[in-house]
Amino acid sequence: MTETTKIRIDPITRLEGHGSINIFLDKAGKVARTYFQIPELRGFEKFCEGRPVEEMPRITQRICGVCPTAHHMAAVKAADAVYHVDPPPAAKKIREMMYTFFFVADHATHFYILGGPDFVVGPDAPPAERNIFGVIAKVGLDIGSKVIQALQDTHEAVAIIGGRYINPVGTLPGGVSKPISEQERVRLEQIGQGCVEFGQLSLKLFEDIVLKNKQYVAMIKSEDFTHRTYSMGLVDEHNRSNFYDGKVRVVDPDGKEFIKYGPNEYLEHIAERVEPWTYLKFPYLKNVGWKGFVDGKDSGIYRATPLSRCNAADGLATPLAQQHYERFYDAMGGKPVHATLATHWARLIELLYAGERALELARDPEITSTNIRTIPTATPDEGVGIVEAPRGTLTHHYITDERGLLRKVNLVVGTTNNHAPICMSVQKAAEGVIKPGKPVTQGLLNQVEMAFRAYDPCFGCATHAMPGQMPLTINLHDADGNLITVLSRDENGRVSTRRAEEL
Amino acid sequence: MAKNSKLKVAIYWAASCGGCDVAVVEIGHNLLKLKEAADILFWPAAMDFKYSDVEAMPDKHIDVCLFNGSVRTSENEHIAKLLRLKSKIMVAFGSCAYEGCIPGLANLYNRGDILTRVYEETPSTENPNGVIPTPHSKVPEGSLELPEFYDWVKPVGMVVPVEYSVPGCPPVASQVWAVLQTIIDGKLPPVGAVLGAGTKNLCEECERIRDGTKVKKFVRPHEVIADPNKCFLEQGIICSGPATRAGCGRPCIHVGMPCRGCYGPPEGVKDQGAKLLSAIMAVIDPEADVEQLVQQIADPVGTLYRFSLADSQLQQTKWAEEKKK
């Protein structure tokens, strides 16, 4: 074996196809540098040119089949801005209601199917049990069936408003395509009530299973899973978190407001770096600058996650969620929280908030108004739409000709915000596990996996609905790039080690 | 299928958004039935890691491979060929695999245009040195590899032969389960069939009223409050219903939005865009100024071929010419 070693992890990703992680070791066998690669590109920024702007809510959804509703909303808000049209209040409420139901569904999917099993079933549990079925076995069939019911109901709610859960179609510039009937409203209220109960149940579960377990709490608070970065999130006029509308607020690693900007100002604050070894770009705070893959106040790297949204806000707008928000910061030692794994807790608080907000909207007397469209009359030109996607702040920027046909498109997508932090988290997790002279074991796979799962980076969503684990592989290379050893785990959790000569 | 052995199924994605995988999850409780009836060898297959495992399989080891996503990179192509070799039946699952889907609109531009736009032109990008991601790059610690980004988006059927196709972006849950049941029961129709959909066009099932009104002006959906009970096309709003295969249950139309054609062309129609164009021409008022009306249609290519550009006659001709060269 020569002086340095390269380790390559190939997981499956959801957002852009497939991803891989490369870890280089130095001469002493310590981690020198990690590279997290996204090896796919589709080029929506180019091929949307020429398309009618009102079609963008239906086109850009195909960026991500897991969070199509987020693209749908960002696109229609950008299209509103392009046409300088303000939808009637009921239309905005209907959009926000669809969006908050979607948030409940999406966050629940993450907690119960993707990231949560690590905690609920346990990080040391047999991998074959760390899935939704393992969760049901642990929490009981009664709660398990409530989880399945909540997913079904929230999918139904989105479909009532937008036609279907995957790729809903119910919005267009100036409003929404269909009013809510009283009969539908009653059903939506019923589902909303269920969401609030489900949010509370989920937080209770988290409390019982995670917070009462000292080992888990220690892991959450450990330095291996901590990064002191800037935090980003959309806030309303009272600096409370909002997913559908508001201004983007960024707080520094100490929790002080660094900047608050409206959609039209995003280019003054956000820049993206290109690296030759990945198809995904690296956004950073322009006015702090790119200082490499490091955290701290002098580095422009920020995070855009449920945790960062809580950090960036002064509170949440609904009563039950606000109580949990306060409790969260008490328990974690005050604001801001930088413990990556606390993102799971923040996500459940957001789930409760989304449920409460959806219920509020379903009970709003205006929600059944038939005044849901403003016909655009201004000449279309340029607009930016920003929403909080479950996985981070989502920005769509369109420039059109006078017919509303797109000339230029720019997109800064949820998970992309977190590309650099994910690289750093993976590096830190690897540093915590890889020690000179010790063999690389399944522990590395688990820790690295937990490090990036906390971001819910659109990885393996559908995959994890099935029993099994995300397959991973680590390739060890020497300084000349020669493959030495492959350590891999398949979807059934079997780990195997093969030396290069056996391959 | 051999008796006493469970069906071996692979579910795989190439260049896709994940929506087709979520669509499979949406069959809900039926997932358990699927598990009983079939061993799912991959869902999805892991790339490099699985190459060796898949390569180690005997040929035709997999009974049915549901392949979603199109072919955009060298990695997509490699896996499509590998899975073809190892599968008895290959199904192009979902619009990307079947006809290229919306990402197929990228075929209006070449590879260079896309890379330049994404990595150099976009206003948030700070890239003074003009860095473009490349298949092989040197970093201080060694080298890193990326798959090659091709000039074209291709439906999987253009890269390897497929036995069946399932349309939809994504296929609706009830149809996904119907397809899986057909496979489990071993009742697949003759090779070449489209599964999980009807044969006629959407209009034949649509409850909206058509009274033969002729169109004097085309309008875009956001420009008018449309009558929720009347045919979109007869109101001058482009709807892809006449050129789209039935089977989705019309969720878009039910919330007041016109069809955009994600289920592809109906039985017997090769080119969805050409079919839609002829349907549009048929509703135009004979006394209207046709040229003016046609100009009112915003983005004809992106509308007529929203989901099927990569599978259009035009595209086929272009590829055939390239092949000759």
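Predicted model: local features only at pLDDT ≥ 70, side-chain atom pairs only at ≥ 80, totals over all residues.

Biologist: Which residues have the most contacts inside the largest nonpolar core?

Modeller: They are Ile94(A), Val426(A), Cys65(B), Phe67(B) and Val91(B), in a core of 232 residues. Helix H4 (residues 89–114) of chain A gives the largest share of this core, namely 15 residues. As for Ile94(A), if residues up to four places away in sequence are not counted, Ile161(A), Val176(A), Ile180(A), Ile367(A) and Ile372(A) are what this residue touches.

Biologist: How many residues of chain A are in contact with chain B?

Modeller: On the side of chain A there are 77, in contact with 71 residues of chain B. Several elements of chain A each supply at least two residues of that side, among them helix H7 (141–162), strand E3 (31–37) and strand E15 (472–478). Sorted by class, the side of chain A that touches chain B has 35 nonpolar, 22 polar and 20 charged residues.

Biologist: How should a helix be read?

Modeller: An α-helix has 3.6 residues a turn, so residues three or four places apart point the same way. Now take helix H4 (residues 74–86) of chain B: at 1.5 Å a residue, its 13 residues should span 18 Å, and the end C-alpha atoms are 19 Å apart, which agrees.

Biologist: Which residues of H4(B) are buried, and where do they fall when seen down the axis?

Modeller: The buried residues of H4(B) are Glu75(B), Asn76(B), Ile79(B), Ala80(B), Leu83(B) and Lys86(B). Seen down the axis of H4(B), they fall within an arc of 135 degrees, so they line one face of the helix.

Biologist: And how should a sheet be read?

Modeller: Strands of a sheet pair through backbone hydrogen bonds, either parallel or antiparallel. In chain A, four strands form an open sheet with mixed pairing, in the order E8-E7-E6-E11. Strand E8 (257–261) and strand E11 (302–303) of chain A stand at the edges with a single partner strand each, so one side of each is left without a neighbour in the sheet.

Biologist: In which sense do E7(A) and E8(A) pair?

Modeller: Strand E7 (residues 247–251) of chain A pairs with E8(A) in the antiparallel sense, over four bridges. Val251(A) has Glu257(A), in E8(A), as its bridge partner.

How values were computed
Residues numbered from 1 in each chain as written. Chains lettered and ligands numbered in written order. Core = buried A, V, L, I, M, F, W, Y, C linked by C-beta atoms within 7 Å. Buried ≥ 20, exposed ≤ 12 C-beta atoms within 10 Å, placed from the backbone. Contact = placed C-beta atoms within 7 Å. Expected span 1.5 Å × (residues − 1). Arc of directions from axis to C-beta. Nonpolar A, V, L, I, M, F, W, Y, C, P; charged D, E, K, R; others polar. Pairing = 2+ DSSP bridges.
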